[in-house]
Amino acid sequence: MIAYDFHDEKVLKMVQRLKHPLKFGLYTMSQLPIMWFAGARVLELTEKEVAVKLPFRWSTKNPFNSVYFAAQMGAAELSTGLAVLLPARYYGNISMLVTGAKSSFLKKASTDVRFVFSEAQFAAEEVYKAIKTGQSRSFDLKTIGYDTKGDIVMEAIFNWSVKQRSLK
């Protein structure tokens, strides 16, 4: 089941804005300032996959010369959140919230980190089910962070809750 038409003009415009560095920068500056400060960028945004880059730079480093865990968690959440945001904006008045998070840091991240979420269609289907049933939906989304060598440095699972807002 495809929850929404990813190739719909409305969705394509949202994707273009999110993938455009300046427009994404303005979005993060106003809505997610910590990700703007960290320099996070959208690399890929399709109906199947979302990839977000977190640069290794002074604003994301810790004193141990690696990427600070909180910066990694923010970019990891962003990779899953964009997959929820697109169908939520497509359908309209949808509330979305992270209700839980689990992470494993498997290797020191001392380069840029690319977070890849490869279940975007599943996320869209869950948002669609919340709209169709009118009931709140809760689901887990897993993202993986890779360093520039392709080694896994982090895995994170976010529990997202979505529901249709009341039309008052």
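Among contacts in the chain between residues at least 6 apart in sequence, what percentage join residues at least 24 apart? The figure is 68%. Please bear in mind that we are looking at a predicted model.

Let me turn to the overall architecture. The chain contains 5 helices and 6 strands. Followed along the sequence, these elements give the pattern α-α-α-β-β-α-β-β-α-β-β.

As for dimensions, the C-alpha trace spans about 50 × 30 × 30 Å along its principal axes. The radius of gyration is 16 Å, which agrees with the value near 15 Å that a compact globule of 168 residues would have.

Next, the surface and the interior. Of the 168 residues, 42% count as buried. The chain exposes about 9100 Å², and carbon and sulfur atoms supply 54% of that area. Regarding charge, there are 23 positive and 15 negative charges, and their mean positions lie 7 Å apart.

Is alanine 156 buried or exposed? Alanine 156 counts as buried, because its relative accessibility is 2%, and the cut-off for burial is under 20%.

Which residues does alanine 156 touch, leaving aside its neighbours within four places in sequence? The contacts are Met73, Ala76, Lys102, Ser103, Leu141, Lys142 and Thr143. Consider lysine 102 in particular: this residue and alanine 156 are 54 residues apart along the chain, yet their C-alpha atoms are separated by 5.6 Å.

Technical notes. Residues numbered from 1 in each chain as written. Predicted model: local features only at pLDDT ≥ 70, side-chain atom pairs only at ≥ 80, totals over all residues. Heavy atoms only, no water. Helix = DSSP H or I, 4+ residues; strand = E, 2+ residues; numbered from the N terminus. Rg over C-alpha atoms; globule rule 2.2 N^0.38 Å. Buried < 20%, exposed > 50% of the residue type's maximum accessible area, 1.4 Å probe, protein only. Contact = heavy atoms within 4.5 Å. Areas by Shrake-Rupley, 256 points an atom, 1.4 Å probe, with all protein chains shown as cover. Lys, Arg positive; Asp, Glu negative; His and termini not counted. Charge placed at Lys NZ, Arg CZ, Asp CG, Glu CD.
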